[in-house]
Amino acid sequence: MYGSVNAVVADGVMYLTASYNNVWALDATTGATLWKYSHQLPGDLMFCCGPTNRGVAIAGDTLFMGTIDAHIVAVDAKSGRPLWNTPVARPEGGYSITHAPLVIKDKVLVGVAGGEYGVRGFIAAYDVKTGKENWRFNTIPGPGEPGNETW
């Protein structure tokens, strides 16, 4: 099963996300809390427009969440235990991830937020098992690249 929403149901469990990168697993029948995962954020975090989290993606028994300090985190869907945590960009540079990741086959894709701070936008793909970056595509041309003069 694959999904990228604020609430996803799989195998009788509902996974909910909320601001400040919190994830809950609830029994979909009773509503009982099975576990809660909270991603620890730095105290001096710079982000725009609130501590938004727009959901998780799920592949098999793993949930994936982008964080407002620009990490991607894999969490065991059964226990809530973090499996890996990969920095995607520098939060002190204004980067964050506010959207739900997207899982395609064995890759989890994320893009970055932070245009309010002049970040260079990109989309990147990470291995679902290890969190290792597989590729990155810059959506904003850099110095010396065609189109940079228009940015």
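**A tour from Thr17 to the sheet**

Select Thr17, which lies in strand E3, residues 13–18; strands (E, at least two residues) are DSSP runs, numbered from the N terminus. The model is predicted: local features need pLDDT of at least 70 and side-chain atom pairs count only at pLDDT 80 or more, while totals for chains, interfaces and linings use all residues. Residues are numbered from 1 along each chain as its sequence is written, and side-chain values use heavy atoms, with hydrogens and water left out.

Display the surface at Thr17. This residue is buried, at a relative accessible area of 12%; buried means under 20% relative accessible area, with a 1.4 Å probe and protein chains only.

Next, select Asn53. Its side chain and that of Thr17 are joined by a polar contact of 3.0 Å (a pair of N or O atoms within 3.5 Å, one able to donate a hydrogen and the other to accept it; residues adjacent in sequence count only if both atoms are side-chain atoms). Then select Gly55, whose backbone nitrogen lies 3.4 Å from a polar side-chain atom of Thr17.

Among the other residues that Thr17 touches are Asn6, Asn22 and Val23; contact means heavy atoms within 4.5 Å, and residues up to four places away in sequence are not counted.

Now select Asn22. Its bridge partner in E5 is Ser38. Five bridges join strand E4 (residues 22–27) to E5, and the two run antiparallel; strands pair if DSSP finds at least two bridges between them.

Finally, show the whole sheet. Four strands form an open, antiparallel sheet in the order E2-E3-E4-E5. Strands E2 (7–10) and E5 (33–38) stand at the edges with a single partner strand each, so one side of each has no neighbour in the sheet.

Conventions. Buried means under 20% relative accessible area, exposed over 50%, partly exposed in between (1.4 Å probe, protein chains only).
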